[in-house]
Amino acid sequence: MDNLQGENRSYWKASTHAVSYSKLAKDEVADVAVIGGGISGILTAYYLAKEGLSVVLLEAKELIGGTTGGTTAKLTSQHQTIYHDMIQRDGKDIAKQYYQANQDGRKLIESIVNTHNIRCDFRKMDAYVFSQSGSQTKNLKNEETAYKELDIDGELTDSTPLDLKVACALVMRDQAEFHPIKFLHGVLREFETMGGKVYQHTRYMDAEQNGEQLTITTDTPFTVSCQKVVLATLFPVEDPHSFYSNTLKPFTSHLTAFESEHAFDKGMYISDDDPKRTFRGAEDSEKHMLIVGGETHPTGDGSSTYEHYESIRQFAENEFGLTKMLGYWSEHDLVSPDRRPFIGRIEKDDEQMYVMTGYSKWGLAIAATGARLITDLILGKDNPYEQLLCPQRELSESEKEKAEQSASSISIQAKTLKPGQAKRFELDGNPAGMYKDRNETTHYLDLTCTHLGCEVAWNDGDETWDCPCHGSIFDAKGSVLAGPAKLPLNNVNPY
């Protein structure tokens, strides 16, 4: 990607000095070991230490180097449009509780900022989800109805404070934004002041039962002995019965940072049109910045990362006249079937190991709520969000079917294929195909012809995908062999 302007690095990382912590260099003993140095792990370690527990925080790479360091850094309960669907699927009480969990998380972060005087560019900001084409007006009207049912402070408008042409926009008031790395540096300082110990470049390997204790082995010669373990990594490093593998779906988004002549300090924005665009302002010394992202797609689907960045760059230039791109980076997250994270005991009766995962691209505010929840579970206290976020909660039948279809069921189907065979299946309601080559590698394809959108069909004699509409022929892995199609079939990731 030599043609891209700027540095391939998150703006938040580029605008902050890294903190230095050593590898684990001796055996440690603590009440709790927290695995993962993002916002979930750091805030959980902070709250546990605040309650008087001894805590060791381990990070496999660099602290705040993963999803937390690559986010747009919005502290908002407005997760594009979620509440209308949640009311329809789970009921008003669950939707209200989910909203409140995010509101509480934002307030917890604000309280920490004020209590410890952490300078992290925290500022109140209204949040907007908008449609420029007008194609999503009905969807936004449904979401406004949900706002009214849930007593959310916001409503529809046909304009925004930003000079942005919109057909319709939905505002949620009194949200916030911040610099996540500056914030967590301040939290880490307070954690160490309370006696917490931090080690980076120290990878969790296993947890061995040793009486009532757990012994954490690492990729160093040293261990951590503890009573409880919190797994606050992007994907849980322990996965009993492959539950999380079969339930969570990985997605990648792409972000950019542009220098601007004027400040973008009039709201945080995300589009409801396709392709999605999300943006917010930031300040770097004397420079005004705009963080612009979007282009979310299934991780590993084979799409061009350069084209994703280029599409965002064109949006920033066309909408705001911005041409100086200072940085670009990718961000990864896991999406749960009901878009609520899994925070709680890793298994129903496990009182020693806890998990925090599946934030579905909106994890900053609710991570703070999750940190309080894990702390209360470890201390044996009641917490109002235990059932809402419980990993063992009941998913609806449709959600179960989606999870099974997208993971275990597809995996089982793939195992039944012999080399040279292919099979059609559905992925999120769209036609997809799987093909096993002679090396027994399975390839997954979108079966939508890239000519005019007809569905291609498997030709088992020639081992090709053939289009019945205009005669395009694709080989088993999706490359064009003949016909009017110019582009190969798209790859998809069903897991």
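Trainee: What makes strand β1 and strand β11 a pair, and in which sense do they run, parallel or antiparallel?

Mentor: This is a predicted model. Strand β1 (residues 28–29) and strand β11 (residues 223–226) share 2 bridges, in the parallel sense. Pairing needs at least two bridges, so the two strands count as paired.

Trainee: Which residue in β11 is the bridge partner of E28?

Mentor: V224 is the partner of E28.

Trainee: How do you know that β10 pairs with β11?

Mentor: Strand β10 (residues 213–218) and β11 are joined by 4 bridges. The requirement is at least two, so they pair. They run antiparallel. T217 of the one stands opposite T223 in β11. A hairpin of 4 residues links β10 to β11.

Trainee: Now to R277. Where is R277 found?

Mentor: R277 belongs to strand β15, residues 277–284.

Trainee: Why is R277 called buried?

Mentor: Its relative accessibility is 5%. Buried means under 20%, so R277 counts as buried.

Trainee: What makes the R277–E295 approach a polar contact?

Mentor: The two side chains come to 2.9 Å.

Trainee: Which side chain makes a polar contact with R277 at 2.6 Å?

Mentor: That of S311.

Trainee: Which residues is R277 in contact with, leaving aside neighbours within four places in sequence?

Mentor: Among them are Y269, I270, G293, I312 and F315. E295 and S311 are listed too.

Note on methods
Residues are numbered from 1 along each chain as its sequence is written. This is a predicted model: local features need pLDDT of at least 70, side-chain atom pairs count only at pLDDT 80 or more; totals for chains, interfaces and linings use all residues. Side-chain values use heavy atoms; hydrogens and water are left out. Buried means under 20% relative accessible area, exposed over 50%, partly exposed in between (1.4 Å probe, protein chains only). A polar contact is a pair of N or O atoms within 3.5 Å; within protein, one must be able to donate a hydrogen and the other to accept it, and residues adjacent in sequence count only if both atoms are side-chain atoms. Contact means heavy atoms within 4.5 Å.
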